[in-house]
Amino acid sequence: MDRTRDIAIEVVPDAAAAAPGTASARAPAAASAPSPAKAADGRTNIFDLDRPALERFFEEGLGEKKFRAHQVMKWIHHRYATDFNDMTDLGKALRAKLEERAVVHAPTAMFDKASADGTHKWLLGMDPKNAIETVYIPDKGRGTLCVSSQVGCALNCTFCSTATQGFNRNLSTAEIIGQVWVAARHLGNVPHQQRRLTNVVMMGMGEPLANFDNVVRAMSIMRDDLGYGLANKRVTLSTAGMVPMIDRLAAESDVSLAVSLHAPFDDLRDTLVPLNRKYPIAELMDACVRYALRRKGESVTFEYTLMKGVNDQPEHARALVGLMRDFDRRVQMKDAAKVNLIPFNPFPGTRFERPGDDAIRAFQKQLNNAGMIAPVRRTRGDDIDAACGQLKGQVMDRTRRQAEFRRSLQAGGGDAAA
Ligand code: SF4
């Protein structure tokens with residue numbers, strides 16, 4: 001039974017009403033600042049600029065005071081305005097100057113789907129040939145947005161639906177923060193007042209650390225009071241384990257870290273997450289320890305997708321407990337390592353299966369008996385293919401992986417990503 005409903009969304013400028021107030025004092029640490037991306041007509045897309053970059057654009061590019069940048073950020077991220085003419089507290093001459101030099105261009109919502117459980121998924125067009133997915137998951141007292149960082153993914157994890165589509169390109173800062181803007185606008189989110197969007201997880205399509213600068217800059221806007229005002233710990237970056245970039249993230253940003261572990265042994269993880277051949281578990285855990293030590297008092301989350309007969313056996317649970325205990329000891333904090341158990345969400349053509357409920361409970365119990373908190377992530381939005389590991393956009397694949405996967409499906413095989 002199809003329990004979904006499709007709704008067309010038009011991304012059009014809002015007629016904003018309220019006059020902006022003064023700029024808030026709290027801004028996250030500045031992201032690295034390469035030259036801003038340009039729209040196709042050469043104008044700067046304001047969505048590409050975090051607070052420091054937008055201030056520079058106003059001061060150096062337009063010869064204006066930087067508080068003007070603060071006004072514009074509030075119009076865009078708090079009131080969802082995209083037309084400079086709606087920004088009524090800017091003078092006419094400045095609005096004309098902005099019109100000439102800049103645009104406010106959000107991704108195009110091609111469609112969205114609402115799940116029976118309240119989960120919401122958007123397919124967002126990033127250019128005429130590529131689209132990505134973004135998912136909103138409401139829960140008691142919180143609303144989490146799962147954001148994509150790349151069109152497809154090059155890392156080719158064997159149990160991942162996104163991997164079967166191959167890879168096209170990194171998303172720009174505008175395309176990443178644009179996902180938050182589209183969802184927040186749809187939800188009627190008002191930062192600091194009516195928060196429907198309380199958490200962001202960089203766990204959608206792509207490996208965020210492979211698109212470091214754009215992701216860090218977008219996360220800076222998410223955490224800025226003039227952006228979406230999210231606390232550092234409410235923005236989580238999830239990585240498959242790009243070890244050098246974890247260290248760089250620790251130095252340049254201050255967000256929560258999640259690691260897609262999925263196996264406690266190198267030989268098994270090599271087959272599930274091919275990146276492990278480059279950065280094996282010991283190196284990955286060392287980097288996580290360094291990250292946790294830098295963010296004293298904050299835990300690191302290890303995601304563990306349970307696959308039937310693959311990584312759900314007692315020896316896997318035992319080894320996982322050993323890894324986590326060792327992590328806690330090195331960080332010198334109880335429960336510094338948190339484990340999220342994610343029952344595998346099947347997709348067409350995969351060779352992996354979800355374990356039965358008894359097997360999932362037995363695995364969890366083994367972790368609990370060792371004193372670990374290990375919640376099993378509830379499957380959300382599976383009626384609209386929005387559950388963990390199921391995201392798929394439209395990817396003009398540059399890796400041939402998509403074609404290989406299709407060929408394998410036609411041959412009755414599947415799991416060409418293996
Ligand atoms: S699990 Fe994450 S890192 Fe691995 S292929 Fe999928 S999107 Fe990429």
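Asp335 is placed in the loop that connects α9 (314–331) with β14 (337–343); helices (H or I, at least four residues) and strands (E, at least two) are DSSP runs, numbered from the N terminus. The structure is a predicted model, in which local features need pLDDT of at least 70 and side-chain atom pairs count only at pLDDT 80 or more, while totals for chains, interfaces and linings use all residues. Residues are numbered from 1 along each chain as its sequence is written.

Asp335 is not a glycine, yet its phi is positive, at about 55 degrees. Most residues other than glycine have a negative phi. Asp335 counts as exposed because it has 12 C-beta neighbours inside 10 Å. A residue is buried if 20 or more other C-beta atoms lie within 10 Å of its own, exposed if 12 or fewer, and partly exposed in between, with C-beta atoms placed from the backbone. A positive phi is also found at Tyr80, a residue other than glycine, with a value near 65 degrees. Tyr80 is located in the loop between α2 (67–77) and α3 (92–101). Tyr80 counts as buried because 23 C-beta neighbours lie inside 10 Å.

The protein chain has 418 residues, of which 50% count as buried. Its secondary structure consists of eleven helices and 14 strands. Of the contacts between residues at least 6 apart in sequence, 69% join residues at least 24 apart; two residues are in contact if their C-beta atoms, placed from the backbone, lie within 7 Å.

Helix α9 contains 18 residues and spans 26 Å from its first C-alpha to its last, close to the expected 26 Å at 1.5 Å a residue. The expected span is 1.5 Å times one less than the number of residues in the helix. The buried residues of α9 are His316, Ala317, Leu320, Met324 and Val331. Viewed down the axis of α9, these buried residues fall within an arc of 95 degrees, so they line one face of the helix; the arc is that of the directions from the helix axis to the C-beta atoms. An α-helix has 3.6 residues a turn, so residues three or four places apart point the same way. The buried residues of α9 pack against α8, β13 (300–306), β14 and α10 (357–369). On the face turned away from the buried side, α9 carries the exposed residues Pro314, Glu315, Gly322 and Arg329. Gln332 follows α9 and has a positive phi, near 60 degrees.

Strand β11 (residues 235–239) is mostly covered, with five of its five residues buried. Val235, Leu237 and Thr239 point one way from β11, and Thr236 and Ser238 point the other way. Strand β10 (residues 199–202) runs parallel to β11 and is joined to it by three bridges; two strands pair if DSSP finds at least two bridges between them. Met202 has Leu237 of β11 as its bridge partner.

Asn276 lies in the loop between α7 (266–272) and α8 (281–294). Asn276 is buried because 24 other C-beta atoms lie within 10 Å. Leaving aside residues up to four places away in sequence, Asn276 touches Gly241, Asp266, Arg269, Asp270 and Ile281. The C-alpha atoms of Asn276 and Ala240 are separated by 8.4 Å, although these residues are 36 residues apart along the chain.
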